[in-house]
Amino acid sequence: MQRRAWFAFGVLAIGLPGSAEAQTDQQFRQCNGTDPALAIIGCTAVIESRDSLAPLRSRALANRAIAYMNRGQPERALADFDRAIMIDAKNSVALVGRGNYFQTQGNAERALADYNQAISVNAKDASAFSQRGNFYLLQGEPERAIPDYDQSITLDPKIAPTYANRGEAYRVQGDNDRAIQNFDAAIKLDPKFAYAYADRGLALTDKGELDRAIADFDQALKLDPKLVQVYSNRAMAYEGRGAHDKALADLAEAIRLEPNDPVPYISRGDIYQGQNNLDRAIEDYSHAIGVNAKFADAYNNRGTAYAKKGDLDKAIADYDAAIRIDPKIPNVYGNRGLALVKAGQFARAVADFDQALAGNPKDALSMYNRGVAKQKMGNSVGGDIDVINARGIDPSVGM
């Protein structure tokens, strides 16, 4: 499931001290500005001035650190964040910024510690709550993210990314109506927020409102034609409409823009497999595996394509690989079980169907196929019971 959050590196406005002549108005404007190169120049002048008191230097260091982050110089940023916090332990902007640094470096424990400390020293810092919400969202805990977004919006109701991130938290929990309300709010605040259109399109896709979803994906790409993931998402909406050619064209564009992303190859392979173009499907799944050998979905889907071709040994080998990488991948045990039935390995098949049903007791197809496998093993009573129970769940299964 796609999950995304926007991390804002906002500057802390620093005011002109009444008696400071060494810092000019221009230097303060630069340090408070959005141009990273100019911010570094202006903030450096403030930091190095003998007229700058400690709190002012701390704020200038935080702003320069944010400029370094925006320029892709994270190690310089970290040094400035550390200095800013050492000078003023209550500088919540520096704490949030350093938390963002640790988040981008994959150091979840230190990131959360900084966000918590920022909130502790300044409970009115909307950014601190928003960024901690982003942390929880990216950690797969959207239910913990939402209260932080709520508090951030209470403190500052005019920040579009906070609404968008709260919308994403609702979306990944399956609450698409609330998600859409939040994306609407983000777009109202910032009509050029491409990601808000993109994620609203995903929520609309989940609701089956494919025409509206495609319109949102169109708008997102109009605002930013290089949003690779949006091409893949629009392709799935087109595919849902039966517009196979448009879907394939979008996936081709996604691959052109980012040839090392395995997802568009898998999506295109799925379309080819649905068209029974198994050789081209296998080619795309194999390319995805070449890009990322740990992508379980690619093995699972390629296994199904091999099984449809009757190449059961390769199919079973791919399912084995998928399970080694991710034992919880949906449908893989049922898929391997069916391949094992076709290969005459009925005892192994029953074990796989048992595993599939342990994860989903209402899996009518796995229950039916387990019944068939039991019958092949001579257990006619057990097999008949499974078949009857499976058709109690889905009367059309096996028909």
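## A walk through helix pairs and loops

Asparagine 276 is exposed, with a relative accessible area of 55% (exposed means over 50%, buried under 20%, partly exposed in between, with a 1.4 Å probe and protein chains only). Before you click on, note that this is a predicted model, where local features need pLDDT of at least 70, side-chain atom pairs count only at pLDDT 80 or more, and totals for chains, interfaces and linings use all residues. Residues are numbered from 1 along each chain as its sequence is written, and side-chain values use heavy atoms, leaving out hydrogens and water.

Stay on asparagine 276: you'll find it in the loop between helix H15 (262–274) and helix H16 (278–291). Helices here are DSSP runs of H or I with at least four residues, numbered from the N terminus. Most residues other than glycine have a negative phi.

Next, select asparagine 331, in the loop between helix H18 (312–325) and helix H19 (332–342). Its phi is positive as well, near 75 degrees. Is asparagine 331 buried or exposed? Exposed, with a relative accessible area of 58%.

Now go to isoleucine 187 in helix H10 (residues 176–189). This one counts as buried, at 9% relative accessibility. Show its neighbours: leaving aside residues up to four places away in sequence, isoleucine 187 touches Ala196, Tyr197 and Arg200 (contact means heavy atoms within 4.5 Å). Isoleucine 187 and tyrosine 197 are ten residues apart in sequence, and their C-alpha atoms are 7.4 Å apart.

Time for a helix pair: pick H5 (residues 92–104) and H6 (residues 108–121). Their axes come within 8 Å and cross at roughly 165 degrees; axes are lines fitted to C-alpha atoms over the stretch in contact, with angles from 0 to 180 degrees between N-to-C directions. H5 and H6 are therefore roughly antiparallel to each other (over 145 degrees; under 35 is roughly parallel, 65 to 115 roughly perpendicular, the rest oblique).

Last stop: H7 (residues 126–138) and H9 (residues 160–172), whose axes come within 10 Å and cross at roughly 25 degrees. That makes H7 roughly parallel to H9. For the contact, select Ser130, Asn134 and Leu137 of H7, then Thr162, Asn165, Glu168, Ala169 and Val172 of H9.

Notes
Helix = DSSP H or I, 4+ residues; strand = E, 2+ residues; numbered from the N terminus.
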